[in-house]
Structures are given as C-alpha cells and as structure tokens.
Amino acid sequence: MGKILVTGGAGYIGAHTVKRLVQSGHEVVVLDNLSTGHRDFARFADFVLGDVRDPVILDSLFASRAIDAVIHFAAASQVGESVRDPLFYYQNNVSGALALLGAMRKHMVNTLVFSSSCAVYGPPFDGLLTEDHPIAPLSPYAATKNMIERILEDMARASGLKYVALRYFNAAGADTDAEVGERHLPETHLIPLVLQTALGQRERLEIFGDDYPTPDGTAIRDYVHVLDLADAHISALNYLQKGGAPRAFNLGNGQGLSVLQIINAAREVTGQPIPVHMAPRRAGDSTRLVGDATLARQTLGWAPNHADIHDILATAWAWHQKEAACLPQSPRPAAL
Ligand code: UFG
C-alpha cells in the first residue's frame, strides 16, 4: 500500500495510530489544524497544517502526494460540548467528512477507515452492545458520527466506496514508550482527570452523577487501550485491501467499569488517595456503554493486547507523570 493520509493525526487516537502505522512500515501524511491536536504528536510523519474542511488544502494534498487510503479522525469529540454547541459539531464534523469525501472522489482514492463511536447506540442497555443494536444518538456529537456513517453507507452503495467505520468504546491509556499520550486542553475525560488528581494538579475529582441505575450509582463505560484501537486501524486497512465488505465494527473489551471502579483501580495503580466529590449528572451522558467486539475479532483478526484496566491505567500514569515533569514548576516561596 502507498501513502496513507491520516486526518487528525496530531490528536490522541490519531497520533497513536500514526506511530503504529509508521512502525509497521507505512508512509503516512498527517493533516491536522492543531485546534485540539499537538504538533509534537505528529512528529512521526509528514505533517500538513490545515483544516479538513478546506477544499483547497485537500486538493493540493491529494494532487501532490500519492495517497492510497485515508484514516479520518479529524473531528470535535466531546459529548458535553456538543450539547452546548450543536451547530459547531454539525459544521465541523459533518462538513469535514463531506469535504474529505469530495476530495477523495475527485482524486480517485476509494479506501477509508472512519473514526466512529459507540455513542451512536440507543437507550441504556444492560447487555453487551453489538453492531446491530438500535442506533439512537443521545448527543449532537453522536449524531454527527451516525450521519457520517450513513453517508458512507450510501456512497458504498452508489460508487463502491470501500470503508470501515470503527465504533470505539472509551479510548484510554498511552503509548508504552510514553512518546504520545492523552493531552486535551481543557481536559474533560475521566481517566486523565483522575490521574491529574493523583498528581495533585487538581484538588479533587468530580463524579458526575451517583444516581444512575447501576450497582454503585455511577455510569459504566468499556475502556479500551488506545494502542489496541491503533492496531485495529491497521487491521481494517488490511481487511479493505483484501476486498472486505464495507461495514461498522465495535472496538471494546466487553468489560463495563463504573466511574467509582476506575477511581479505585487508579488508587491501586498510583498509590495516591484521589479525593472525590459528588456532582450532578453531565448532560448527554449515557448510563452504560459496553461493547461486544466479536465481529472485529473474527473478521478483522483484532486481538487487544492491553485489556486489563490496571495495564491501561499504568500506561496512562507513566504518560501523565512524564507530562507533569515537563510543566513549568511553580515558584518556590522565598527563604525567610
Ligand atoms: N466523568 C466523571 N467526572 C469527570 C469526567 C467524567 O464522573 O470529571 C464520567 C462521565 O460522566 C462518564 C464517564 O466518566 O460517565 C466517562 O466520561 P469521559 O468524558 O471520559 O468519556 P465519555 O464516555 O463521555 O466520552 C468518551 C469520548 C467520546 C466517545 C465516548 C464513547 O469522549 O468521544 O467516550 O463512550 F464517544
């Protein structure tokens, strides 16, 4: 396979995927506007600064580099923010995908792996979510992912687009070499906030809701290691290259962990107390999202290597300690 264009390759999941692609011998071009990504995360590949919604940049990028396939991450990805500013989410995520698909069609690039989300699934469900579970997005963010999947389905039918949509459950953890990791500004995700609290960068962690219909009252998610997600993109490209049928796949470990369980596991991994405070539910949050990834395991040959939450937290902890060591030190009080 020739070059792979990775949009959003300077973001959290994108950067880990780029590093894995380069390690496995692929040539990669990253397109990122650095609105939420980081320049240092994109140091493993050819980097183009630009917005995926910009047809001029896309045109020159496809014209100047022999791109064979695209992995599309570039998107806004916060559930809560999308509830507050739905127009931004629809403009950014849906328009970005449309511009990219237009450029791909113009330059006859027909292979796409799309970064989707388990957030597309419908109402609370006690079991494991399979790909045929009813789709009913609760937030504008999730609706954008669903809309784009729908566009891809239609294009596959009409023009033979070869695509895989990967519905991630909750991405977590970091590169085992701690060269890249999770860095959102501002941070809104549970595990980084828990670890920043363990580092003393935050006084306490707010638990958003303890009145959910779950055993301990806090919301349940299926945390999946970012390196396992990265590997799935390479498996998906191989699958498409071998003529695999276009479709969506779940990527999760099938293990539901509550917010309180994550905090307790983080206390074990870090040895720190991690003070908490109960807060109201966050708008747009689901009660429980736990995935069945049998299809990805069987069809893509996906085999997660870091399914244990302690392993996930340990890699994240190493990354956050490294990040903290790079922060400017607060001035010491003058000696008396
Ligand atoms: N949470 C807290 N306190 C915090 C932060 C989060 O209690 O300070 C809770 C949330 O309410 C939620 C859980 O921790 O119940 C996980 O929250 P995250 O913000 O870490 O992740 P989300 O499940 O909201 O969303 C993430 C990604 C989405 C993706 C989704 C799939 O941000 O892009 O996972 O589940 F769609």
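Let me start at Arg 282: an N or O atom in its side chain is 2.8 Å from an oxygen atom of the ligand. This is a predicted model, where local features need pLDDT of at least 70, side-chain atom pairs count only at pLDDT 80 or more, and totals for chains, interfaces and linings use all residues. Residues are numbered from 1 along each chain as its sequence is written, and side-chain values use heavy atoms, with hydrogens and water left out.

Asp 285 also faces the ligand, with a side-chain N or O atom 2.5 Å from a ligand oxygen. From the backbone, an N or O atom of Ser 77 lies 3.0 Å from an oxygen atom of the ligand. On its own the ligand exposes 680 Å², and the protein buries 93% of that; these accessible areas come from the Shrake-Rupley method with a 1.4 Å probe, and for residues only the protein chains shown count as cover.

Now the shell. There are 21 residues around the ligand, and those that come nearest are Ser 117, Asn 170, His 189, Glu 206 and Asp 285. Near here means that a heavy atom of the residue lies within 4 Å. The shell divides into twelve nonpolar, five polar and four charged residues. Its largest share, four residues, comes from strand E8.

Which domains does the shell around the ligand draw on? It takes at least three residues from each of domain 1 (3-173 + 223-251) and domain 2 (190-221 + 254-325). Those bounds come from an automatic or database domain assignment. The centres of the two domains, taken over C-alpha atoms, are 23 Å apart. Domain 1 puts 34 residues into the contact and domain 2 puts in 32, contact meaning heavy atoms within 4.5 Å.

Back to Asp 285. This residue is in the loop between strand E13 (276-279) and strand E14 (288-289). Strands are DSSP runs of at least two residues, numbered from the N terminus. Is Asp 285 buried or exposed? Asp 285 is buried, because its relative accessibility is 17% and the cut-off is under 20%, with exposed being over 50% and partly exposed in between (1.4 Å probe, protein chains only). Its side chain makes a polar contact, at 3.2 Å, with the side chain of Arg 282. Leaving aside neighbours within four places in sequence, Asp 285 touches Val 79, Leu 138, Tyr 212 and Arg 221. A polar contact is a pair of N or O atoms within 3.5 Å; within protein, one must be able to donate a hydrogen and the other to accept it, and residues adjacent in sequence count only if both atoms are side-chain atoms.

Terms used
Nonpolar A, V, L, I, M, F, W, Y, C, P; charged D, E, K, R; others polar.
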